Amino acid sequence: MGYHKRLRIVSGILKDKGSLIKTTLSTKRRKASARRVILRATTHGSSVPPSDHRIAAVIGLGDGSRFTACTCIQAVMDRLHRTKDSSVALKCLYTIHNIINKGSFILKDQLAIYPSSGGRNFLNLSTFRDGSDSETCEMSAWVRWYAGILEQNLMVSRVLGYHLNSPRSKNEIIGFLNSDLLKELDVLVDFADYLGNVPADSLYLQRKSLVHEIVRLVSEDYRSVQREIFVRVTELGARMVSLSWSECTEFLSCIDRFEGCKERIAVLLVNRNRNDDLWGLIKETKANLVAAIEKKENEGKMVVAATADNESNKLTRFSQLFRLAPSGRWVEF
């Protein structure tokens, strides 16, 4: 470890200690208490994920009042948006991920504000960069990717109406409109598509326990996404005869996009979450969709041709019964 890197780590640790002392002296007890919990879960100085008891302490803030839960989310967001350290940013995002997966309804509700609403919970880290050294630059790419994954997770929850770790019964979607199922399928494929944008040039960073644990959590999310996709593809496939041409083409577009990210996702997850049953269903459904679209297009051409013939016959019959007089009016023979 180089001198500058050691100096940076020591400086970060001292900053954390200073921040903890400030919270101890603060007169705003509840806010200070929540901030201390977040600081201890997202310390400088290592690429190790927060310990289970640190995460449990964060999750425990959701068992109190809404004010305490709101203070917790405010504290972790402030920490995330103020830090320039890639490891601290990843720990903040990892903490948020655990809130999504394990937090109480009140905590999740605070995170459920979608970015476009202008809420303070916007994770927008697309420009995050820790330029301390070459490794932190590569870690920064993981920060940007992971933030995008969590935003996709929140978007999926918003569209589906529930979080990925609390799936809806398969029977509940039977009464859904085709448009609703296609909208849900589209956002689920968006998640898979973004997952495939993993920083492929720095996959070696998975040897760091923090990055390794992040990939494990994301892998679990993807398993849930696969399950939700399977349910919707099965249901839409059963409705194929009743789908309109535009609905069929939209359905096919979703399947094509999902197939297109399969290899990119495999780069990250290798043999995890292969789900051969799902990909077998995708292949079969795509073949049936292509055939259904061709059939509907041919039927449409036949209708157009029949309509054109009918109009032509009407015009011929009209010309046999009437003639155009010099006055410009049609008169009967």
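Tutor: Helices here are DSSP runs of H or I with at least four residues, and they are numbered from the N terminus. With that convention, V241 falls in the loop that joins α9 to α10, the latter spanning residues 245-260. The model is a predicted one. V241 counts as exposed because its relative accessibility is 79%, and exposed means over 50%.

The largest nonpolar core holds 87 residues, and I96, W142, Y146, Y222 and F258 touch the most other members. Helix α9, residues 209-238, gives the most to this core, with 12 residues. At least three residues come from each of domain 1 (15-122) and domain 2 (161-304). For I96, the contacts beyond four places in sequence are V76, M77, L80, L111, L123 and L150.

Charged residues also deserve attention. E184 forms a salt bridge with R232, with the closest N and O atoms 2.7 Å apart. This pair connects distant parts of the chain, since E184 belongs to helix α8 (residues 178-195) and R232 to helix α9, 48 residues apart. E184 is classed as buried because its relative accessibility is 4%, and R232 is likewise buried, at 0%. A further salt bridge joins E228 to R227, where the closest N and O atoms are 3.8 Å apart. E228 is buried at 3% relative accessibility, whereas R227 is partly exposed at 34%. Together, E184, R227, E228 and R232 are linked in a salt-bridge network.

K286 forms a salt bridge with E259, the closest N and O atoms being 2.9 Å apart. Here too the pair links distant parts of the chain: K286 is in helix α12 (residues 276-321) and E259 in helix α10, 27 residues apart. Both count as partly exposed, K286 with a relative accessible area of 26% and E259 with 29%.

Of its 333 residues, 44% are buried. The salt bridges number 13 in total.

Note on methods: Residues are numbered from 1 along each chain as its sequence is written. This is a predicted model: local features need pLDDT of at least 70, side-chain atom pairs count only at pLDDT 80 or more; totals for chains, interfaces and linings use all residues. Side-chain values use heavy atoms; hydrogens and water are left out. A nonpolar core is a set of buried Ala, Val, Leu, Ile, Met, Phe, Trp, Tyr and Cys residues joined through side-chain atoms within 4.5 Å. Buried means under 20% relative accessible area, exposed over 50%, partly exposed in between (1.4 Å probe, protein chains only). Helices (H or I, at least four residues) and strands (E, at least two) are DSSP runs, numbered from the N terminus. Domain bounds come from an automatic or database domain assignment. Contact means heavy atoms within 4.5 Å. A salt bridge is a side-chain nitrogen of Lys or Arg within 4 Å of a carboxyl oxygen of Asp or Glu.
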